[in-house]
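I opened my notebook to look up pockets and ring contacts in this one.

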Amino acid sequence: MDLSALVDFHLVVDAGSFSRASRDTGRPKATLSRRVRALEQSLGLRLLERGQHALHLTEDGRALFERTRALVREIEEVGQSLVSGNTAPRGLLRISAPTLFATTFGGRIAAGFAKLHQQVQLELVGEDRRVDLVEDGYDIAIRVNPQPDSELVGRCFARDRMWLVAAPGLLPPPPQADGSPASVAAVAMLGLPRPAGWQVERGGQRWQVAPDFRLRLSSLLMVREAVLAGAGAACLPSSIVRDAVDAGRLSVWNADIEDAVELWALHASRRLVSPKVAAFLQYLVTAFPERRL
């Protein structure tokens, strides 16, 4: 694929017509048309339907445009930096992050990064779906305990622990007379695994309880509020319950119920690591110097 022809294709699509793209770039309309046709011929696909007054993307054209938009943008930014001799981070930086992380830390991180890199326009989107960086047009995805992926690289910038907590008025029930775990009201987040048992550690003793998940809510913040209201026990990140524990509003039944939670910032390994991506990765590391949320 001719990358220069691909860039011309993007120019035409963004402008909405060959005429407008010609005016915007100062390049002949015939040249732009010829380059797009050459791209279509090289791919064996029709990318644009050329109407009398407007252009329309074909299904193949839209797929090509969406999947290469971030790549073309990054190539242009790198080229502009090389020509100008300026390698400072610049341009649009799009980041996908879990809703809890975005809600709890996103605003502070975005503000701090923006102060250091004023030529970067930052978009941080909180969402719990697993995005495709290329197809969805993201530069970075922040993920919790990501599975190995040959298409992505990155670094772990922070860790958290899961605590088993409940309101102080709710005490963990001792085992039943036959030694089996007693049932306890529990709250969980929708979509997360619900264990059959929890281990309680209180007063130097350990025993099992059987969680009865009476509430299943769509966010961990909702789970925390339900636990504070006395709805039951829950396993929650220490970062969002530590203040309530310190204030005596929650009690800890177990402070080491699961392995550490790792947060990673990932980017597509096949793409150039632009200055803006490198700068944000470095900023995340400095934002969590103790590697703890």
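My entries on pockets and aromatic rings follow.

**Ground rules.** I am working with a predicted model, where local features need pLDDT of at least 70, side-chain atom pairs count only at pLDDT 80 or more, and totals for chains, interfaces and linings use all residues. Residues are numbered from 1 along each chain as its sequence is written, and side-chain values use heavy atoms, with hydrogens and water left out.

**Largest pocket.** I looked here for open space: on a 1 Å grid over the protein atoms alone, a pocket is an open set of points where a 1.4 Å probe fits, with protein on both sides within 12 Å along at least five of seven lines. The largest pocket holds about 1,200 Å³, a volume being the space filled by probe spheres set on the points, which are joined across faces, edges and corners. I found 44 residues in its lining (an atom within 4 Å of a point). Val-144, Met-189, Leu-192, Leu-220 and Val-261 lie nearest the centre. Elements giving two or more residues to this lining include strand E3 (91–97), helix H5 (99–116) and strand E13 (261–268); helices (H or I, at least four residues) and strands (E, at least two) are DSSP runs numbered from the N terminus. By class I noted 28 nonpolar, 7 polar and 9 charged residues. Nonpolar here is Ala, Val, Leu, Ile, Met, Phe, Trp, Tyr, Cys and Pro, charged is Asp, Glu, Lys and Arg, and the others, Gly among them, are polar.

**Second largest pocket.** This one has a volume of about 200 Å³ and 13 lining residues, with Ser-239, Ile-240, Val-241, Arg-242 and Asp-243 nearest its centre. H5, H6 and H7 each give two or more residues to the lining, and the largest share, 6 residues, comes from H7.

**Aromatic rings.** I got 8 aromatic pairs, taking Phe, Tyr and Trp rings (the six-membered one for Trp) with centres within 6.5 Å; planes under 30 degrees apart are stacked, over 60 edge-to-face, the rest tilted. Phe-101 and Phe-157 pair edge-to-face, at 5.8 Å centre to centre and 70 degrees between the planes. Phe-101 sits in helix H5 and Phe-157 in strand E6 (residues 152–160), so this pair ties together parts 56 residues apart in sequence. Phe-105 and Phe-288 are also edge-to-face, at 5.6 Å and 80 degrees. Both Phe-105 and Phe-288 are buried (under 20% relative accessible area, 1.4 Å probe, protein chains only). I was pleased to see that Phe-101, Phe-105, Phe-157 and Phe-288 form one aromatic cluster.

How values were computed:
Buried < 20%, exposed > 50% of the residue type's maximum accessible area, 1.4 Å probe, protein only.
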